[in-house]
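Biologist: I would like to go through the labels attached to this model and hear what each one rests on. Please give the cut-offs as we go.

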Amino acid sequence: LGTAAEAFAPSNIALCKYWGKREAELNLPINGSLSISLGELGSRTSIVESDSGSDQVYLNDKLIEPTDRFATKVISFLNLFRRELQQPVVIKTVNNIPTAAGLASSASGFAALMLAINDFYRFGLGNEVLSAFARMGSGSASRSVFQGFVEWQKGLREDGMDSCAQRLDLEWQGFRIGLLKVATGAKKVDSRAGMQRTVESAPLYQAWPEQAAKDLQTIKRAIEDKDIELLGQTAEQNALSMHATMIGSWPPLLYWQPESVAAMHRVWELRALGVPVYLTMDAGPNLKLLFTAEYEAQVRDAFPELTDLDLVAPFG
Ligand code: DP6
């Protein structure tokens, strides 16, 4: 057995969203999804043998209480692989995603943890199997095993082993993402609970799987053609349609804050001036802007709160 392992995985932003599980234990999705990974922004996870006789979990250099939700999730994920080898370990995760961007880190966190587990226990698994396993920690983690544009196939098998992601062989040098943090606070319903509520109670959800399947194909074509209008329009409509299903749930699920809506209007105003900038949003109040390098100056002017760290060039 290894005595130490370390791995990095990027965070990712879905352009065609994963929303709804057909099986909740394994995080098997109702629809396929497509994302862009955030290059050097993500999670770095290390595993070393513990000499204290018990497991220890650190997040951003702070020791986490073993009873804390984060620590129990990490340890129960590890236990899927550790099984009878009850060797205690120290697991440290450091996220370099600007906390100001308010990005969830479970995707990069579970992907980095899975890669580190593969190394630590010398499993020698291939990337697609690692993706399927990372999915069991958090669905979107299946996509964080890869850089670039990534497609997560929903798969058909009951054991989920065909529900894994693959890197698309497509590059887009000028593609840019802006991480726009607009609000904090407001206690949120996590994705798992949000999806369950939507699937169970939102009549609008019935239209979602078909729209998502169509959007995924359109987005692939838009990436191939480097067509920012087609990509942006499809990704924005996909995200807002997902939010429409959430809003149509009972009790209603609205992740937006007043500041989110104000920022959406700013995006639309900028677009009305001829700048091809689009938005996407996940299960929270913040926006991600989609645009190309030639319009970076205009986007920065309109959103002065974006720092260098909030602007991501996924292909360097
Ligand atoms: C809105 O992957 O966080 O960000 O599988 O329950 O851990 P679990 O959910 P998670 O959901 C992500 C939802 C989303 C859309 C997306 O990233 O595709």
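Biologist: Which residues of α1 are buried?

Modeller: Val74, Phe77 and Leu78 are the buried residues of α1. Buried requires 20 or more other C-beta atoms within 10 Å of the residue's own, exposed 12 or fewer, and partly exposed is in between, with C-beta atoms placed from the backbone. The model is predicted, and local features need pLDDT of at least 70, side-chain atom pairs pLDDT 80 or more, while totals for chains, interfaces and linings use all residues. Residues are numbered from 1 along each chain as its sequence is written.

Biologist: Why are the buried residues of α1 said to line one face?

Modeller: Seen down the axis of α1, they fall within an arc of 100 degrees, so they line one face of the helix. The arc is that of the directions from the helix axis to the C-beta atoms. An α-helix has 3.6 residues a turn, so residues three or four places apart point the same way. Arg69, Ser76, Asn79 and Leu80 are exposed, on the face turned away from the buried side of α1.

Biologist: What do the buried residues of α1 pack against?

Modeller: They pack against β5 (56-59), β7 (89-95), α2 and α3 (127-137). A contact is two C-beta atoms, placed from the backbone, within 7 Å. Helices (H or I, at least four residues) and strands (E, at least two) are DSSP runs, numbered from the N terminus.

Biologist: Why is Ser142 called buried?

Modeller: Ser142 has 35 other C-beta atoms within 10 Å, and the label needs 20 or more. Ser142 sits in the loop between α3 and β8 (149-152). Leaving aside neighbours within four places in sequence, its contacts include Ser131, Trp152 and Cys164.

Biologist: What makes Glu236 buried?

Modeller: Its count is 21 other C-beta atoms within 10 Å, again set against the cut-off of 20 or more. Glu236 belongs to helix α6 (residues 228-247). Not counting residues up to four places away in sequence, Glu236 touches Tyr278, Leu279 and Thr280. The C-alpha atoms of Glu236 and Leu279, 43 residues apart along the chain, are separated by 5.4 Å.

Biologist: What joins Trp250 and Pro251?

Modeller: A cis peptide bond, with omega about -5 degrees. Pro251 is in the loop between α6 and α7 (258-272).

Biologist: How many helices and strands does the chain have, and why is the chain called as compact as a globular protein of that length?

Modeller: The chain has 8 helices and 13 strands. Its radius of gyration is 19 Å, close to the 20 Å from the globule rule for 316 residues, so the chain is as compact as a globular protein of that length. The radius is taken over C-alpha atoms, and the rule is 2.2 Å times the number of residues to the power 0.38. Of the 316 residues, 44% count as buried.
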